[in-house]
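Dear colleague,

Please find the structure below, followed by a short account of what was found in it.

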Amino acid sequence: MTWLVWRQHRIQFYVGAALLVAFAILIVVTGSQVADQFRAAQAACAMHQGCRHLGGLFMGSHVVGFLIISTLGAPILVGLFWGAPLVAAEAEAGTTQFAWMQSITRKHWLTVKVSWMLLAAAIWGGVISALVTWWSSPNNAEQLNQFNPGRFDIMDLVPVGYSVFAMALGIAAGALLRRTLPAMAVTLAGFVAVRVAVTLWLRPHYMHAVTVFYKATSSFTPPGAFWQIAQGVVGPHGQAIAQPNNTPYVDGVPITVLPGSCAPLANSAGPANPTAACAHALSQFRAFVTYQPADRFWTFQFIETGLFFVLAAGLIGVTAMVLLRRDA
Amino acid sequence: MTPMEKVLGPLGPGLGGPGGSPEPMAVQTSRLTKRYGKLTALNDCTISVPQGRISALIGPNGAGKTTLLRLLAGLARPTSGQAIVNGVPPHQDPAFLADIGYLAQEIPLYRRLTAEDHIRAGAHLNPRWDGESVRERLTTLKIPLNRAVGKLSGGQRAQVALALILAKRPRLLLLDEPVAALDPLARRNFLGLLADGVEAGGLTVILSSHLVADLERVSDHIIMLAASRVQLCGDIEDLLAEHRILVGPSKDTTALERSHRVVQATRTPRQTTLLVRLNGPVVDPAFQASEVSLEELVLAYLGEDAPPALANLTTVGEEQ
């Protein structure tokens with residue numbers, strides 16, 4: 001069966017491998033330039049006193065940078081062009097009736113095909129992610145938020161989870177619809193929907209976020225490249241203070257809830273000396289920041305990858321049920 | 001009941017084979033029914049095909065031939081009823097599948113793969129595989145082994161598929177309209193090949209067509225479907241012996257109809273022509289009995305819309 005899988009899909013394999021090799025060459029060549037640039041910038045920075053951070057400096061060509069960001073879409077390619085046609089194209093051409101009338105069970109047929117495809121997807125996601133991660137390591141060192149989709153979603157482990165999920169989604173859609181084009185459409189829509197939903201609504205809650213309160217007049221920044229979920233100010237009784245736009249603020253507190261003596265301080269640039277009444281009022285307010293600490297990065301990577309593996313397993317289960325129970 | 005029938009108990013009565021003889025059956029079905037939603041593709045189909053026969057599955061388009069073959073191959077599941085193929089219900093098991101050769105009407109082959117690729121795939125996927133026979137046959141037919149099958153002509157593709165099916169060395173061949181894509185010479189050649197295979201022993205063939213003439217020369221058994229029901233099933237010789245065309249004067253035939261089953265009646269003011277299934281000798285001297293051809297028989301049963309289902313002609317005289 002493996003022989004047949006190879007013979008049927010070797011062109012797809014060659015195309016995939018060629019794309020990876022081309023990408024790898026580009027990344028390795030430009031990546032070493034980025035590394036040189038990084039070292040130069042570090043050296044230049046070391047000459048200036050007080051330069052601890054290179055700030056938001058982006059290193060590398062912007063064309064390649066765009067390509068790097070585009071790898072957000074890389075996982076869907078395997079779902080669209082390998083996964084969706086896997087069963088659907090065979091059903092369309094009727095060749096399932098050839099394969100299923102050899103002396104192998106449908107279960108065996110499906111197991112071998114799906115296993116190789118999922119493995120191929122994992123390798124696809126893994127290789128791209130490894131290249132992107134390596135290329136981006138100088139920029140990553142300067143990242144202010146490691147959980148940013150431009151960082152978290154294209155590097156390290158999660159691209160493997162996304163690719164495996166996209167492949168499984170394509171296979172399941174193809175098995176259900178038995179037509180390649182509709183299966184591709186469903187795969188694309190489903191992948192985007194799940195990715196967006198997970199990124200926006202699930203990822204912030206993988207672990208209970210940390211909230212730190214501090215005096216409104218002081219300041220606090222969590223260590224490392226943390227992920228800020230929320231920030232704000234609470235009043236003397238712990239009540240949340242609305243933060244309207246177009247209102248002047250003093251130390252993050254809108255002047256609408258402060259005594260009039262604070263008004264001169266609003267948005268003042270230089271050091272200000274508040275009146276006693278104003279200082280007292282200000283001391284009643286506490287600021288807070290809710291965030292996911294930077295050191296949770298790998299935990300989040302594992303959780304998200306695991307989540308997409310579980311989704312993929314469910315989809316393969318659906319595929320098996322459909323193919324084994326439904327008439328050929 | 002004979003002991004043999006007791007063993008086959010779940011199949012119900014009337015499936016024992018002609019006269020209850022212990023002839024082994026390649027295929028037996030009992031009230032096999034397949035519905036797709038509201039559409040009934042096969043209704044209450046009870047047939048049996050003894051081993052070693054070449055059975056012609058005849059019926060107009062849409063009669064349920066493909067559905068029946070797919071049910072026997074295990075590609076589809078019956079809505080109700082049961083099929084026994086090579087002694088077991090069709091199921092997903094390598095040993096069962098190894099004994100079945102099924103070729104769908106669409107001749108499914110991987111279009112981008114060559115015949116040689118298919119031969120090698122077959123070697124990987126089947127316990128008994130005679131790939132050499134395919135190479136020999138295709139070489140004889142001057143069909144290139146190394147060209148993508150999608151680039152072959154329809155007839156050549158059919159030849160490749162048929163050769164591959166035979167290479168599997170199945171015990172039961174289920175062929176859906178196999179000769180439709182072949183020219184008359186290739187048709188004769190292929191049917192001869194099947195006959196040789198059956199002659200050599202261990203092979204039973206069911207092949208469908210909407211034309212009886214296609215299959216008449218090689219088949220010794222017939223299953224006739226019309227409007228999703230079995231109209232006729234049995235050995236062709238037996239069926240021909242059991243039917244007569246009676247020609248006589250135009251008169252009341254009630255007495256005749258009481259003792260024989262009238263399949264088709266044509267009445268003109270001067271003459272009555274009846275195609276009957278005999279149930280004893282014809283005693284009325286006014287009627288001339290003559291033998292019936294297979295074609296006449298098939299057309300007569302096709303013309304008979306309702307009530308259909310004379311499913312168990314082979315089991316005449318047994319309890320129904």
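**Domains of chain B**

The centres of domain 1 and domain 2 of chain B, taken over C-alpha atoms, are 24 Å apart. The structure is a predicted model, in which local features need pLDDT of at least 70 and side-chain atom pairs count only at pLDDT 80 or more, while totals for chains, interfaces and linings use all residues. Residues are numbered from 1 along each chain as its sequence is written, and chains are lettered from A and ligands numbered from 1 in the order in which they are written.

Chain B is assigned domain 1 (3-106 + 158-238), domain 2 (107-157) and domain 3 (243-307); such bounds come from an automatic or database domain assignment. Two residues are in contact if their C-beta atoms, placed from the backbone, lie within 7 Å. Helices (H or I, at least four residues) and strands (E, at least two) are DSSP runs, numbered from the N terminus.

**A sheet in chain B**

Four strands of chain B make an open, antiparallel sheet in the order β12-β13-β11-β14. Its edge strands are β12 (261-267) and β14 (288-291) of chain B, each pairing on one side only; strands pair if DSSP finds at least two bridges between them. Six bridges join β12(B) to strand β13 (residues 271-277) of chain B in the antiparallel sense, and B:Ala265 has B:Leu274 in β13(B) as its bridge partner.

**A helix in chain A**

Helix α10 (residues 297-325) of chain A has 29 residues and spans 42 Å from its first C-alpha to its last, close to the expected 42 Å; the expected span is 1.5 Å times one less than the number of residues. Among the buried residues of α10(A) are A:Phe300, A:Phe308 and A:Leu315. A residue is buried if 20 or more other C-beta atoms, placed from the backbone, lie within 10 Å of its own. The buried residues of α10(A) pack against α3 (74-93), α5 (106-141) and α7 (158-177) of chain A.

Yours sincerely

Notes: Buried ≥ 20, exposed ≤ 12 C-beta atoms within 10 Å, placed from the backbone.
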